[in-house]
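I opened the model to look up a helix, a core and a chain contact. My entries follow the display.

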Amino acid sequence: MHLGTLAPVALVALTTVAAESNAHAAGKVELEVVVIEASKTGKSPAPKGVSAKVVKELESFGFTAIRVSDRITASVENEASVSVEFRSKPNEKKKRQMLKVTVLEKKKEVTRLKIALPSIPFSAETEHRKGGTFLVAVKGKNADAVFLAVTPKP
Amino acid sequence: MTKRQDDKYIEASVEELLTEDAAQEIAQREGEWNAFTSAVFARIDEEDLGVARMPMEDQAIDLFRQEVAGELADLAPRFEEGFKEGVEQRIWNAAREPTVMDRVRGFFDRAFGERVGWSVGWAGAMAAALAIVTITGMPTEPGTQIAENITGEVSVKSLSFEGTVTVMPNDGVTVVWLSDDASS
């Protein structure tokens, strides 16, 4: 399967529970959520909108065709969350899933997040330092997968 | 008047007495003075005699020492002049030594031969320098480099999933694999 044949459907619905006009206000966390569709068949040019370390990680798993289907950047307050809707499988047209990222705590260098996929259900609490990325991989068929990269900006 | 004559007699006697005493005193002092002078000259003569009577070996050593001191005093200006000339000669020789450019030129002359000429060698050197800069790349801005090197860390404090999950922590990226059956 080639990623170029994937229908460019809208995958993401962004909802910020608590949003304010000033994105750089103190106590807020700049969250970046990237939805990546990857395949071990075919080949694609270097994807844009995703960090090199994530691409390197995917390539280490044998994925040669990597495409960024959506990229969200949001400023989220403490105990607020951002939800991203994505296609559960690269060739799935009907079934959608929701990724919910909640900011539990923001310290000077440490950001605590709760990352959940309510429909599975999956939930994890993570601690990020200096812009570390949490990558959730949802396996598909035919050696395809959807990756959800969550990175709080330092 | 008689009294006056008596006074003259007395005065004459005193004068005579004083004259005689003065003459005696002067004569005595002159004698002493002559004796002192003669004593001083006699002492000097004794020292000369003492020097003249030094052993022949000591006299030879003293003369040799005086000659050496005289020769050194005569040669001192020559030493200073020679040292100065030596330093100036070394400075002149150092100035005449080939410079770095002369050495580079000599290297290309030897490498490409005299026929090629200096212009070709210089062009080759410039081409080599440009190639090195191109291969190694120009230095990047420090801020960009630091930003690229930030990898960060992620630690998973708790995890909840009903299916099979595989956590793969790596440098800056932590990957959580969810099994296909559970996620479908």
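I take helices (H or I, at least four residues) and strands (E, at least two) as DSSP runs, numbered from the N terminus.

Conventions. The model is predicted, so I use local features only at pLDDT of at least 70 and side-chain atom pairs only at pLDDT 80 or more, while totals for chains, interfaces and linings use all residues. Residues are numbered from 1 along each chain as its sequence is written, with chains lettered from A and ligands numbered from 1 in the order in which they are written.

Chain A. I listed 1 helix and 9 strands, in the order β-β-α-β-β-β-β-β-β-β along the sequence. I call a residue buried if 20 or more other C-beta atoms lie within 10 Å of its own, exposed if 12 or fewer, and partly exposed in between, with C-beta atoms placed from the backbone. Of the 154 residues in chain A, 40% are buried.

Helix α1(A), residues 52-60. Which of its residues are buried? I found K53(A), V54(A), E57(A) and L58(A). They line one face of the helix, because they fall within an arc of 140° seen down the axis of α1(A) (the arc of the directions from the helix axis to the C-beta atoms). A52(A), E59(A) and S60(A), on the other side, are exposed. The cover over the buried residues includes β2, β3 (65-76), β8 (133-139) and β9 (144-152) of chain A, together with β3 of chain B.

Core. A nonpolar core here is a set of buried Ala, Val, Leu, Ile, Met, Phe, Trp, Tyr and Cys residues joined through C-beta atoms within 7 Å. The largest one has 43 residues, and L135(A), V136(A), F147(A) and L148(A) touch the most other members. Strand β2 (residues 29-39) of chain A gives the most to this core, 7 residues. I then checked L135(A): leaving out residues up to four places away in sequence, its contacts (C-beta atoms, placed from the backbone, within 7 Å) include V54(A) and E57(A) as well as V173(B) and V175(B).

Chain contact. How many residues of chain B are in contact with chain A? I counted 24, against 23 residues of chain A. β1(B) supplies the largest share of the chain B side, 9 residues. Strand β7 (residues 122-129) of chain A pairs with β1(B) in the antiparallel sense over 8 bridges (pairing needs at least two DSSP bridges). R129(A) has E153(B) as its bridge partner in β1(B).

Methods
Two residues are in contact if their C-beta atoms, placed from the backbone, lie within 7 Å.
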